[in-house]
Amino acid sequence: MHALLTVVLVSMSFWKGDWRHWQKYITTIYYVSVCNLLYNVLCKDHLLWVHNPDIFPDSHTMVDLIYTFIILPAITLLFLSHYPFKKEVGKQVRHILFWVVGSLMVEFLFHKTNRIILQNGYRYWMEPFFYTVMYSMIRLHYSRPFLTYGISIVIIVFLLRYFHISIK
């Protein structure tokens with residue numbers, strides 16, 4: 001399923017993504033990738049979710065590297081390519097909600113088929129909050145990166161405390 005998701009998102013990003021202007025999105029793509037890498041480093045001994053491989057090598061790390069460098073950049077490009085920047089706030093909120101609901105549907109399927117394992121106090125009911133924050137931060141980073149870094153630090157500290165993750 002991870003391989004299928006990779007193929008679908010890469011295909012969609014080439015078909016519908018704004019590749020002609022990829023330079024506009026690259027710093028936000030880097031931000032998303034670094035956040036995912038940071039999660040894996042900070043939580044290496046206390047992962048909240050683990051990707052259960054299918055055809056990829058039997059390793060959460062290998063699957064997560066595919067997410068970091070292929071899937072999340074494709075999602076970020078697609079999300080920002082179609083974001084209604086100049087439209088009213090309601091359309092912007094609907095765009096974020098569309099992506100949240102879509103992500104929840106994909107994740108639900110992955111969760112039910114054990115392609116992703118939620119653990120250490122992390123539960124599926126937390127996912128709507130996670131995806132809402134994720135897509136909102138992607139949008140914010142695009143226009144206000146330094147503000148996003150400050151908010152990201154606050155969110156990281158909160159999550160580390162909430163889930164009792166110690167940094168060694």
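Helices (H or I, at least four residues) and strands (E, at least two) are taken here as DSSP runs and are numbered from the N terminus. With that in mind, and remembering that this is a predicted model, select asparagine 52, which lies in the loop between strand S1 (49–51) and H3. Is asparagine 52 buried, exposed or partly exposed? Its relative accessible area is 26%, so asparagine 52 is partly exposed. Leaving aside residues up to four places away in sequence, asparagine 52 touches His2, Asn114, Arg115, Ile116 and Ile117.

Next, display helix H1 (residues 2–16) together with H3, whose axes lie 9 Å apart and meet at an angle of about 35°. The crossing of H1 and H3 is left-handed. To see the contact itself, show the side chains on both helices: from H1 come His2, Leu5, Thr6, Leu9, Val10, Met12, Ser13 and Lys16, and they meet Val63, Ile66, Tyr67, Ile70, Ile71, Ala74, Ile75, Leu77, Leu78 and Ser81 of H3. Coloured by class, this contact of H1 with H3 has 13 nonpolar, four polar and one charged residues.

Keep H3 on screen and bring in H2. Which way does H2 run relative to H3? The axes of H2 and helix H3 (residues 60–81) come within 9 Å and cross at roughly 150°. Angles over 145 degrees count as roughly antiparallel, and therefore H2 is roughly antiparallel to H3. H2 passes H3 in a right-handed crossing. On the H2 side of the contact, select Tyr25, Thr28, Ile29, Val32, Ser33, Asn36, Leu37 and Asn40; among the H3 residues that they meet are His60, Asp64, Leu65, Thr68, Phe69, Leu72 and Pro73. By class, the contact of H2 with H3 has eleven nonpolar, eight polar and one charged residues.

Beyond residues up to four places away in sequence, serine 33 touches Thr68 and Pro73.

Now turn to charged pairs. Side chains of opposite charge can pair when their charged atoms come close. How many salt bridges does a search of the whole structure find? The search finds two. In one of them the side chains of aspartate 18 and lysine 24 meet, at 4.0 Å from N to O, and lysine 24, at 43% relative accessibility, counts as partly exposed. The other joins aspartate 45 to lysine 44, with the closest N and O atoms 3.6 Å apart; both aspartate 45 and lysine 44 are exposed.

The last stops concern the backbone. Most residues other than glycine have a negative phi. Select asparagine 120, which is not a glycine and yet has a positive phi of about 55°. Asparagine 120 sits in the loop between strand S2 (116–118) and helix H5 (127–143), and its 35% relative accessibility makes it partly exposed. Finally, move to histidine 164 in the segment after helix H6 (145–162). Histidine 164 likewise has a positive phi of about 55° although it is not a glycine, and at 66% relative accessibility histidine 164 counts as exposed.

Key. Residues numbered from 1 in each chain as written. Predicted model: local features only at pLDDT ≥ 70, side-chain atom pairs only at ≥ 80, totals over all residues. Heavy atoms only, no water. Buried < 20%, exposed > 50% of the residue type's maximum accessible area, 1.4 Å probe, protein only. Contact = heavy atoms within 4.5 Å. Axes fitted to C-alpha atoms, helices over the stretch in contact; angles between N-to-C directions. Parallel < 35°, antiparallel > 145°, perpendicular 65-115°, else oblique. Left-handed = near helix turned anticlockwise from the far one by under 90°. Nonpolar A, V, L, I, M, F, W, Y, C, P; charged D, E, K, R; others polar.
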